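Let's walk through this one together, strand by strand and then core by core. Have the viewer open.

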Amino acid sequence: MPSHGRPTEPDAIKRRTFLDMVLGVGFVSTALSFVYPLWRYLIPPAAAEPATNSVVAGKATAFKANSGTIVKFGSKPAIVVRTPDGEFRAFSAVCTHLDCTVQFKAETSQIWCACHNGLYDLGGSNISGPPPRPLERFTVNLRGEPGQEDVVVTRA
Amino acid sequence: MTQQLYAWLDQRLDLSALQHFIAEKSVPVHKHRVWYYMGGITLFLVGVQVFTGILLLLYYRPSADEAFESVKFIVSQVEFGWLIRNIHSWSANLLIFMAFVHLFSTLFLRSYRKPRELTWVTGVLLLFVMMGFGFSGYLLPWNELAFFATKVGTGIAGAVPVVGDFTMRFLRGGDDVTGATLTRFYGLHVAILPAITTGILGVHLLLIQRQGMSVPPSVEKQEKSGATIPQMPFFPHYVLHDLMWWYVALGVLAALALFLPWEIGKKADAFAVVPPGIRPEWYFLAMFQVLKLLPAHIMGVEGEMLGVLGFGLAAMVLLFLPFLDRGAAEGRSSRLVTIGGVIALAYMLVFTIYGYLAA
């Protein structure tokens, strides 16, 4: 492009370089002001996890011996197990292997993950298959009038 | 490396023909040329809408139970979510505004005359589609104002003779505005209308590229009387001018989005009383205001129906204007078109302001 004014003066070239630089800085800042918010927007915000520490799973009479029931614990499932001798236990129902939801296996009285055949005993310990860690154990309390107790599951 | 890649592509796609076309292309330079940029700005804003729209899709949930909450989530929880949403809302409004500026400038400069009739027709169709975008998008945050505005808007469609009832039920996805309407509008807004836009916009842009820029009749006359109109190379000169305008548009958009956040309102509730001051988006306001003013019956015909028919007729005249104003091609600028254009512009201005003041 022909430069205007007096191209013989070295000053004219400097001015052009300067303006190009200003323009360049402007474009780069615009690009950055695009990329940064975009990047932040794409990262999902930390789910406003309701700090659930305790839920009422139901009436104690509703849980049969040698059974397991999935209940809601905040946004995640928990399993309330009643052992063959009637004792209550509760664990996070999220398998420690790949986050599947575990279930109670009445025949063997074990906690079983159907996804990859992981097994936990009634203490929540991983005993067979791929799970790397025991299930998170919750505390179970019975609250209320005898015969009418609620099963309360609490994060330890 | 770049040269090799270019040669590879050139052998397969004949890029040199395209390069030749771009290198040869020029744009006439005259005192009216500022209006050439309006279409480009509109196009830029369409791009902004597509981009921000896709981003909003990442978090938006199209159901009556979750739509409002998800928009709230976007503007309050997602980082810069407020920015994306504000830009999408503001850009939508600027887009319609710029489309109108583009329309009136091509109207007054008679750019629709032969051989560019189809460019005009596709342009007007695009404007209608953009208004469809506005109408459907307005409901998506599922707030009170949009809910009732959609009731009224689809109700107006119901006033069309013969097909009205069907149209209304079709738009609403039932007898009333419900979650089913929201799902429908969502589908319309993010799939059907974008598909239609892609097609029509493609033709519109192709026609502009093939036919080049129209020259206003006054400039054309000078040319016929022997004067040469100066030309500007399309690339890079005109493209850079375009980019500069887009940059300005971006600045305006960013300023609006930052300083005038778009309200989210109250969640829609079908059993709530209609809030006072219910009104559609500004670009429907002039029409809305006229329908409000029409008496219930005019010469035994329902006033609303008459109004809707009138607007339908106006839309047809607008769409087929190049075929109605045949004299323009011979350089006779019809006074009727100028007067009609001025009246239309004045009507829109006055009734939009009136609509705001009356609400």
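Q: Which residue is the bridge partner of A:Ala78 in strand 4 of chain A?

A: That partner is A:Ser92. As for the labels, strands (E, at least two residues) and helices (H or I, at least four) are DSSP runs counted from the N terminus. Keep in mind that the model is predicted, with local features needing pLDDT of at least 70, side-chain atom pairs counting only at 80 or more, and totals for chains, interfaces and linings using all residues. Residues are numbered from 1 along each chain as its sequence is written, while chains are lettered from A and ligands numbered from 1 in the order written.

Q: How many bridges join strand 3 and strand 4 of chain A?

A: In general, strands of a sheet pair through backbone hydrogen bonds, parallel or antiparallel. Pairing here requires at least two DSSP bridges. Strand 3 (76-82) and strand 4 (88-92) of chain A have five, in the antiparallel sense.

Q: What is the strand order of the open sheet in chain A?

A: Its six strands run 1-10-9-4-3-2, with antiparallel pairing. Strands 1 (54-59) and 2 (67-73) of chain A are at the edges with a single partner each, so one side of each has no neighbour in the sheet.

Q: Which residues have the most contacts inside the largest nonpolar core?

A: A nonpolar core joins buried Ala, Val, Leu, Ile, Met, Phe, Trp, Tyr and Cys residues through C-beta atoms within 7 Å; buried means 20 or more other C-beta atoms within 10 Å, with C-beta atoms placed from the backbone. The largest has 60 residues, and B:Leu45, B:Leu95 and B:Trp142 have the most contacts inside it. Helix 5 of chain B gives the largest share, 12 residues.

Notes:
A residue is buried if 20 or more other C-beta atoms lie within 10 Å of its own, exposed if 12 or fewer, and partly exposed in between; C-beta atoms are placed from the backbone.
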